[in-house]
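Student: Could you walk me through this one? I'd like to start with how the chain contacts itself.

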Amino acid sequence: MKIYFAGSIRGGRDEEENYFKIIHYLSEFGEVLTEHVGHKNIEKDETKKTDNYIFERDVSWLKTSNIMVADVTVPSLGVGYEIGLAETLGIPILCLYNPKNKKSLSAMISGNKNLVWKEYNSVEEAQLLIKKFISSI
């Protein structure tokens, strides 16, 4: 199974540690195409690539993915775009949201019946939600 993980890069790295742990867990189910999203120095690494390269690479990966798991805790234009594209492509989508920062989840996520969104308060809880989501596909 090919898995596309989406998490904020330029929008903020507040959840970087959770991304790393979630990606590691996802790798038990298949190949995580976007494992770099969990790396500590991703912003520096990504500046070595053009925006066009990043766009083309990520769209290509998304088109070959079987599922998408997106952490939507930190608002991100890129993650929102990726979710919309995955929806258009008919890819099953799980959005994970940690309410710890008391920021409201976008209605474009919570109101969309074409994707699954779940709140989590710990990485262990996110792992259980991922396992249940993958089992349901």
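Tutor: Among contacts in the protein (heavy atoms within 4.5 Å) between residues at least 6 apart in sequence, 66% join residues at least 24 apart. This is a predicted model, in which local features need pLDDT of at least 70 and side-chain atom pairs count only at pLDDT 80 or more, while totals for chains, interfaces and linings use all residues. Residues are numbered from 1 along each chain as its sequence is written, and side-chain values use heavy atoms, with hydrogens and water left out.

Student: OK, and which residues of α6 are buried?

Tutor: In α6, which covers residues 123–136, the buried residues (under 20% relative accessible area, with a 1.4 Å probe and protein chains only) are V123, A126, L129, I130, F133 and I134. They lie on the same side of α6, because they cover an arc of only 130° around the axis, taken from the directions from the helix axis to the C-beta atoms.

Student: What covers them?

Tutor: The cover includes α1 (16–26), β3 (67–71), β4 (93–97) and β5 (116–119).

Student: And which residues on the other side of α6 are exposed?

Tutor: There, E124, L128, K132, S135 and S136 are exposed (over 50% relative accessible area).

Student: Switching topic, what is V69 in contact with?

Tutor: Leaving aside neighbours within four places in sequence, V69 is in contact with Y4, F5, A6, L26, L94 and L96.

Student: Last one: how many helices and strands are there?

Tutor: The protein has 6 helices and 5 strands, taken as DSSP runs (H or I, at least four residues, for helices; E, at least two, for strands) numbered from the N terminus.

Conventions:
The expected span of a helix is 1.5 Å times one less than its number of residues.
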